[in-house]
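Colleague: I have not looked at this one before. Can you walk me through a part of it?
Modeller: Fine, here it is.
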Amino acid sequence: MNTLLFALQRLLCAGLFILGASALVPVVQAQALRPSTALSAQRSLGSAEPAQKGGDFIVAVVNSEPITNNEVRLQVLRFEQQLALQGTPLPPRREVTASVLERLVVERAQLQVARDTGLRADDAALDLAEQTVARQNQISVTEMRRRLGLDGVSVEKFRSDLREQILLGRLREREIEARVRISEADLDQFIREQQGNTDIANLEINLAQILVAVPESANETQINALAARAKRALERARAGEDFAALAREFSDSAERNNGGLLGLRSTQRYPDLFVSAVSALPVGAITEPLRSGAGFHILKLIEKKNAGVPSVTVTQTRARHILLRPSPQLSEREAVARLAEFKQRLLSSQTFFANLAREHSQDGSAQSGGDLGWANPGQFVPEFEDVLNTLAPNQISDPVVSRFGVHLIQ
């Protein structure tokens, strides 16, 4: 089998990523995109091709749509060829055949549901999917089509299979992913659990210090004087004076010119004396003077975090929308006009956005009033997100055309 074709099959079976209305969404699960390789598989069988044509028969019917023995057999052959190329032992043919048939039945039924519920994959989405496959194989669309043609796979059939997988992805987005919600309570609970993890080994801390050095030859009188100096620095720090300025005034450490900052590091990289003194303190707290062989240390806890929790700050946006998908019954121009009329009704307080979304939106978010939840930057397609980022809170956009339809965004 041609190396590119196998790479395509493996990529598609692993789940081609199509830019969806709410995120980068894997179109299907493990047994996903199926570029037709019937001719390639038959060619690899040589003289078996005539026998296949003569002995074909229906093995299952899904709502009047048949699945033939050849369809199942070719899928089984492809699966076994992939395992062979990977060096994986082949499971019993009977088990493979049963699994392939079950998958074909489920997939065929899902496609019928997608079409019956009005889901469509327009040419723009199809072009994007084809470009994604070509890009991930590091070739142009033209070159990919040429190589597929050499393997006996027509462009029309390949695009037809892509269209089916886009429909399956949109069905899953509408019926499954729209029901998955991570609530604010879930997020708060996760943060509390992470913050409550007090295992010292998992902590990273950032300290600032004032070091009043004590020479090795210092007598008791000198030590007492230096201790008093450290005490004065502590009193001024706790009275609210800037710790960094006090470090520059009192400290004898090398970090004095940097405000005494020692830097964020794991607790293993700090002296045990320091870690024991600050482990139970809140951020911003200042310790009593600690005596070491170097002198008297006054520590301020600048930062403390669990090493397993990312510290990246992400600005999120929460939006809701009404989506109308152009169809033979509703042109894009008509969809734009209808959403413009919705906007006027909303601005004149004749109705509520959530009510219009539940009644009219063709997106999976309709049941929740069009609510798309909190979203990270880059989660939406550019034509949607570019408009979203210009809106003030509660502002309603003009109708926005994207590759998935026409949106009204709040």
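Colleague: How many residues does helix 13 have, and how far does it reach from its first C-alpha to its last?
Modeller: Helix 13 covers residues 332-347, which is 16 residues, and reaches 23 Å. That is close to the 22 Å expected at 1.5 Å a residue, where the expected span is 1.5 Å times one less than the number of residues. Helices (H or I, at least four residues) and strands (E, at least two) are DSSP runs, numbered from the N terminus.
Colleague: Before we go on, what kind of model is this?
Modeller: This is a predicted model: local features need pLDDT of at least 70, side-chain atom pairs count only at pLDDT 80 or more, and totals for chains, interfaces and linings use all residues. Residues are numbered from 1 along each chain as its sequence is written, and side-chain values use heavy atoms, with hydrogens and water left out.
Colleague: Back to helix 13. Which of its residues are buried?
Modeller: Ala335, Leu339, Phe342, Lys343 and Leu346. Buried means under 20% relative accessible area, exposed over 50%, and partly exposed in between (1.4 Å probe, protein chains only).
Colleague: What covers the buried residues of helix 13?
Modeller: The cover includes strand 9 (317-324), helix 14 (353-360) and strand 12 (405-409).
Colleague: Is strand 12 mostly covered or mostly open?
Modeller: Mostly covered, as five of its five residues are buried.
Colleague: In what sense do strand 9 and strand 12 pair?
Modeller: Antiparallel, over four bridges; two strands pair if DSSP finds at least two bridges between them. Isoleucine 322 stands opposite leucine 408 in strand 12.
Colleague: What about strand 11, how many bridges join it to strand 12?
Modeller: Three, and strand 11 (residues 400-402) runs antiparallel to strand 12. Valine 401 has valine 406 of strand 12 as its bridge partner. The two strands form a hairpin with two residues between them.
Colleague: Different topic. How many helices and strands are in the chain?
Modeller: There are 15 helices and twelve strands. Of the 410 residues of the chain, 42% count as buried.

Notes: Contact = heavy atoms within 4.5 Å.
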